[in-house]
Amino acid sequence: MAIKKVLVFLANGSEDTEAVATTDVLRRGGIDIKLCSIGNNDKKPITCASNIHIVPDLHIDDVQRQQFDAIIVPGGSKGTE
């Protein structure tokens, strides 16, 4: 059975609990999960809604032509803009 791949979009203002808890549970379950910045073309830390900083694994430009089994978009009023 192939390992499932999941992409989590992150932007400044994303809800940190939704991003971190989801990532934790899926990684514990053996899912290959990547945190993806959708902001400027870099991998600088994302500042989440509660001022927690998360370093993404890659940028949205890095995932062109890659396939994922699921995409997760954490909430957060500023992050959803």
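Me: Where does Ser-37 lie?
Reply: Ser-37 lies in strand 2. The model is a predicted one.

Me: Why is Ser-37 called buried?
Reply: Its relative accessibility is 2%. Buried means under 20%. So Ser-37 counts as buried.

Me: What makes the pair Ser-37 and Gly-39 a polar contact?
Reply: A polar atom of the Ser-37 side chain lies 3.3 Å from the backbone nitrogen of Gly-39. The cut-off is within 3.5 Å. The pair therefore meets that distance limit.

Me: Why does Val-63 count as buried?
Reply: Val-63 has 9% relative accessibility. The limit is under 20%, so Val-63 counts as buried. Val-63 sits in a loop, between strand 5 (58-59) and strand 6 (70-72).

Me: What does Val-63 touch, not counting residues up to four places away in sequence?
Reply: Val-63 touches Leu-7, Cys-36, Leu-58 and Phe-68. Touching here means heavy atoms within 4.5 Å. Val-63 and Leu-7 are 56 residues apart in sequence. In space, their C-alpha atoms are 9.2 Å apart.

Me: How do you know that the span of helix 1 is close to the expected one?
Reply: Helix 1 covers residues 16-28, which is 13 residues. From first C-alpha to last it reaches 18 Å. At 1.5 Å a residue, 18 Å is expected.

Me: What makes one face of helix 1 the buried one?
Reply: The buried residues of helix 1 are Asp-16, Ala-19 and Thr-23. Seen down the helix axis, they fall within an arc of 75°, so they line one face. These buried residues pack against strand 1 (5-10), strand 2 (32-37) and strand 4 (53-54). The face turned away from the buried side carries Thr-17, Val-25 and Arg-28, which are exposed.

Me: What comes just after helix 1?
Reply: Gly-30 does, with a positive phi of about 85°.

Me: Which residues make up the largest nonpolar core?
Reply: There are 9: Val-6, Val-8, Leu-10, Ala-19, Ile-33, Leu-35, Ile-46, Cys-48 and Ile-54. Strand 1 gives the largest share, 3 residues. A second, separate core has 5 residues, including Leu-7, Phe-9, Cys-36 and Leu-58.

Me: Which residues is Leu-35 in contact with, leaving aside neighbours within four places in sequence?
Reply: Among them are Val-8, Leu-10 and Ile-54. Thr-23, Val-55, Pro-56, Asp-57 and Leu-58 are also in contact with Leu-35.

Definitions and conventions:
Residues numbered from 1 in each chain as written. Predicted model: local features only at pLDDT ≥ 70, side-chain atom pairs only at ≥ 80, totals over all residues. Heavy atoms only, no water. Helix = DSSP H or I, 4+ residues; strand = E, 2+ residues; numbered from the N terminus. Expected span 1.5 Å × (residues − 1). Buried < 20%, exposed > 50% of the residue type's maximum accessible area, 1.4 Å probe, protein only. Arc of directions from axis to C-beta. Core = buried A, V, L, I, M, F, W, Y, C linked by side-chain atoms within 4.5 Å. Polar contact = N/O pair within 3.5 Å; in protein donor to acceptor, adjacent residues only side chain to side chain.
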